[in-house]
Amino acid sequence: MLHQLTSLPLRAGLAFATALVIALVFGGMIIKWIRKHQIGETIRNLGLEGQMSKKGTPTMGGIIIILALTVSAFLFCRLDNIYVQLLLLTTFWCGAIGFTDDYIKVFKHNKAGMPGPVKIVFQVILGLIIAGTVCVNDDIVAGRTEAAQKTATEETEQVTVNEVVLEKSTATTFPFIKNHTFDYNWLNPFKGDFGQTMRWIIYGLIIILVVFFGSNGTNLTDGLDGLAAGSSVISSIMMIVLAGLGTNIVTAEHFRVMFIPGSEEIAIYLSAFAGAVIGFLYYNVFPAKVFMGDTGSLVLGGIMGVSMVLLRKELLLPVLCGVFAVEGLSVMLQRYYFKYTKHRYGEGKRIFKMTPLHHHFQKEGIPALIQRPAHAIKETKIVASFWAAGIVCALLTWLLVWL
């Protein structure tokens, strides 16, 4: 099949183009089908400009992304690669959670959707599966070079050469320290056999947290036309670059990223991902013809989170996906500050006029600690500004890798 092509740039390009074409061609058909069956978004009036005009816009458009991505992945990725298997599992798992949530909202007319605790349980289970596989599967290894002394003949002197050593490791990428490598075992206070077990437990817990917060961060960002999809494309392009550089020990050491054997398949998968999301974005930019719903947003966040775990770059995720991180942080700060002031002063106060953060820029005249901007900003300008912030975050990630 097409996955037998040996050129990484060729396969990545074809995967991207195929997913893009599928999303563009079949996206319109899917939107018509969704509209015909009256699968529209239920809008809760929050007093935002132009908000109610979006009522009835087709939702569950994440199906377009999943279709384009998986078809392209099956064509161009090596399905026997453990990284591809985990990314496909993440896609279908998060898609199923999101689809169920959207189904309850649309067909059961329950705006709350899937109960929060149930959604959390399923996301944690996915995190457990990913963490367990990363920790025990022998195909998931990291590479490093090690100086070795070798003698060619009895007459020649010993010379130092670099040998590539592949090993199960709890190491990850982190700037500002030697070789940009941080080992989670450094957080482990225990020694001996129990210490070895705790080493992997600590690593596994980090992976679970990354998968959980990754998927939910994207979900919170999906509130304006094109915001979550466009931001995801920007982040995924940098992930493709990092994955591609880590496929070869020479380029990995030159660019100071970890050598991950088999990570070329992650680059292929992410290329298909980028193509699928750009194709969807054609229908999702203002004024949106379709919303991705939780069917799409959970998939986007899950794939990006798991990809960074597999690339050993999860500690850089808050920087690369800074837009999603800030959106999630704004919600947490708002909630806890409101509870604190209500308990302390008897009246809840706000930091932002409204959260997630993108809605703060759409509101005016609401008492809050942060009042700027004084007047509401148009949706398209907010989205463009957040995209620009996403590009800055991607460039900052690259700078941190190079430091």
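A crossing of two helices is called right-handed if the near helix is turned clockwise from the far one by less than a right angle. Keep that in mind for the second view below; everything here comes from a predicted model.

**View 1. The whole chain, before we zoom in.** In this predicted model, the chain has 13 helices and four strands. Of its 403 residues, 51% are buried. Take the contacts between residues at least 6 apart in sequence: 69% of them join residues at least 24 apart. The accessible surface comes to about 19300 Å², and 65% of that belongs to carbon and sulfur atoms.

**View 2. Helix α5 packs against helix α9.** Here we've got α5 (residues 192-221) alongside α9 (residues 293-310). Their axes are 7 Å apart, at an angle of about 145°. And here's where that opening definition comes in: the crossing of α5 and α9 is right-handed. On the α5 side, look for Y203, I207, V210, V211, G214, S215, T218 and N219. They meet a set of α9 residues that includes D294, S297, L298, G301 and M304. Sorted by class, this contact has nine nonpolar, eight polar and one charged residues.

View 3. Leaving out residues up to four places away in sequence, T218 touches A228, S232, S297, L300, G301, M304 and F324.

View 4. With 19% relative accessibility, N219 counts as buried, because the limit is under 20%. Which residues does N219 touch, not counting those up to four places away in sequence? They are K119, D294, S297 and L298. Now find E327: along the chain, N219 and E327 are 108 residues apart, yet 9.7 Å separates their C-alpha atoms.

**View 5. Helices α6 and α11 cross.** The pair here is α6 (residues 227-245) and α11 (residues 322-345), whose axes come within 9 Å and cross at roughly 135°. That angle makes α6 and α11 oblique to each other. From α6, the residues making the contact are L227, A228, S231, S232 and S235; from α11, they are V323, F324 and E327. By class, that's four nonpolar, three polar and one charged residues.

Terms used. Residues numbered from 1 in each chain as written. Predicted model: local features only at pLDDT ≥ 70, side-chain atom pairs only at ≥ 80, totals over all residues. Heavy atoms only, no water. Helix = DSSP H or I, 4+ residues; strand = E, 2+ residues; numbered from the N terminus. Buried < 20%, exposed > 50% of the residue type's maximum accessible area, 1.4 Å probe, protein only. Contact = heavy atoms within 4.5 Å. Axes fitted to C-alpha atoms, helices over the stretch in contact; angles between N-to-C directions. Parallel < 35°, antiparallel > 145°, perpendicular 65-115°, else oblique. Nonpolar A, V, L, I, M, F, W, Y, C, P; charged D, E, K, R; others polar. Areas by Shrake-Rupley, 256 points an atom, 1.4 Å probe, with all protein chains shown as cover.
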